[in-house]
Amino acid sequence: MSGQPSHEGFPWKHVIGFVLSILLTVMALWLVFSMQLPVSTEIVSILVLAVFQVLIQLLLFMHLTERDGPAYHVISLIFGAFIAFTIVGGSIWIMAFRSMVS
Amino acid sequence: MSVHMESLHEPTTSSLPLEYQEDGNLKIFGFWVFLAAEVVLFSTLFATYLVFHGNVAGGPTSQQLFDIRGFTIETFLLLTSSFTMGLGTYEMRRQNTKGVVVWVLITVLLGLGFLGMEISEFSHYVSIGANISRSAFLSAFFVLVGTHGSHVTLGIFWILSILVQVMRKGITPKTARKLFVVGLYWHFLDVVWVFIFTVVYLTGKVM
């Protein structure tokens with residue numbers, strides 16, 4: 001993750017990322033279809049697994065940490081994620097409230 | 001995000017890979033801003049889907065409709081294609097044009113496999129009457145997953161056009177930057193799919 005160009009003989013970073021992404025997917029499937037957990041626990045745990053999956057893509061495949069100077073691209077991504085969270089979280093919140101009062 | 005913010009404060013090396021040379025740095029930054037806007041675009045579609053998920057209007061529910069085997073295969077195809085695209089970038093940084101061509105072609109084939117699965121999934125739904133106008137749930141589902149699918153379609157054509165340029169001109173700062181950017185786009189589509197897999201398909205099977 002140092003942002004240096006990779007010249008080593010074997011793409012370890014990519015292989016590790018791939019194995020982890022497959023493992024996370026299998027874990028999510030196993031959690032949902034083989035475990036008898038409460039629905040809310042299942043959903044929270046697969047969402048956590050999805051966040052790890054995204055971090056693998058960003059850090060190991062998309063070389064997020066490579067930069068020259070300040071990390072403005074990370075700031076724009078964080079801003080995008082903030083807006084996304086507000087839109088999705090806010091929609092669920094307001095609709096849950098609506099079904100509670102109606 | 002706070003975890004890797006720390007690693008951003010590590011001392012930098014001044015020599016970034018070839019694709020950042022000339023004005024590549026600025027163009028790659030511009031593409032990250034585009035991806036941030038795409039995050040917002042998809043978030044509105046996810047919000048719409050989540051709000052309408054239960055509004056099936058007497059039609060099929062997500063639990064009845066989704067096929068575990070189908071969406072699992074789609075997920076593995078797209079995850080693998082993201083990996084092979086990463087290997088393409090890796091070979092590009094080793095100045096290995098042949099390696100780039102091989103891995104990028106495998107990526108395109110996996111992407112086509114994913115698209116084929118999705119098209120057959122959609123046409124199966126439509127054939128049993130679960131079309132886009134059947135219910136609010138299905139409208140939101142087809143718009144969300146279809147928008148992702150059309151991004152993948154565009155991505156395949158984009159990757160192929162960049163591949164032609166790499167084969168013609170070799171790995172130059174310009175072609176390296178173009179290949180890196182289309183790689184970012186492809187990995188981003190995998191990120192969106194991870195959320196479709198989690199929020200739409202897996203959650204749709206339990207709720």
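Among contacts in chain B between residues at least 6 apart in sequence, what percentage join residues at least 24 apart? The figure is 81%. Two residues are in contact here if their C-beta atoms, placed from the backbone, lie within 7 Å.

Some ground rules. This is a predicted model, where local features need pLDDT of at least 70 and side-chain atom pairs count only at pLDDT 80 or more, while totals for chains, interfaces and linings use all residues. Residues are numbered from 1 along each chain as its sequence is written, and chains are lettered from A and ligands numbered from 1 in the order in which they are written.

Let's start with chain B. Chain B has seven helices and zero strands. Helices are DSSP runs of H or I with at least four residues, strands are E runs of at least two, and both are numbered from the N terminus. The C-alpha atoms of chain B fill a box of roughly 60 × 35 × 25 Å along the principal axes. Of the 207 residues in chain B, 44% are buried. Buried means 20 or more other C-beta atoms within 10 Å of a residue's own; exposed means 12 or fewer, and partly exposed lies in between, with C-beta atoms placed from the backbone.

Take helix α2 of chain B, residues 24–52. Its 29 residues should span 42 Å at 1.5 Å a residue, and its end C-alpha atoms are 42 Å apart, so the two agree. The expected span is 1.5 Å times one less than the number of residues. Among the buried residues of α2(B) are Trp32(B), Phe42(B), Phe46(B) and Tyr49(B). What covers them? The cover includes α3 of chain A, together with α6 (136–169) and α7 of chain B.

Now an exposed residue. Ile119(B) sits in helix α5, residues 97–127 of chain B. Ile119(B) counts as exposed because it has 12 C-beta neighbours inside 10 Å. Ile119(B) and Gly146(B) are 27 residues apart in sequence, and their C-alpha atoms are 9.5 Å apart.

On to chain A. Chain A is divided into domain 1 (1–66) and domain 2 (69–102). Those bounds come from an automatic or database domain assignment. The C-alpha centres of the two domains lie 22 Å apart.

Within chain A, α1(A) and α2(A) pack at about 170°, with axes 10 Å apart. Axes are lines fitted to C-alpha atoms, for helices over the stretch in contact, and angles run from 0 to 180 degrees between N-to-C directions. α1(A) and α2(A) are therefore roughly antiparallel to each other. That label needs an angle over 145 degrees; under 35 is roughly parallel, 65 to 115 roughly perpendicular, and the rest oblique.

Finally, the two chains together. The contact takes 49 residues from chain A and 46 residues from chain B. Which helix of chain A gives the largest share of the side that touches chain B? It is α3(A), with 16 residues. That side of chain A divides into 30 nonpolar, 15 polar and four charged residues. Ala, Val, Leu, Ile, Met, Phe, Trp, Tyr, Cys and Pro count as nonpolar, Asp, Glu, Lys and Arg as charged, and the others, Gly among them, as polar.

One pairing across the chains. The axes of α2(A), residues 39–61, and α7(B), residues 173–206, come within 10 Å and cross at roughly 170°. That makes α2(A) roughly antiparallel to α7(B). The residues of this contact divide into twelve nonpolar, five polar and two charged.
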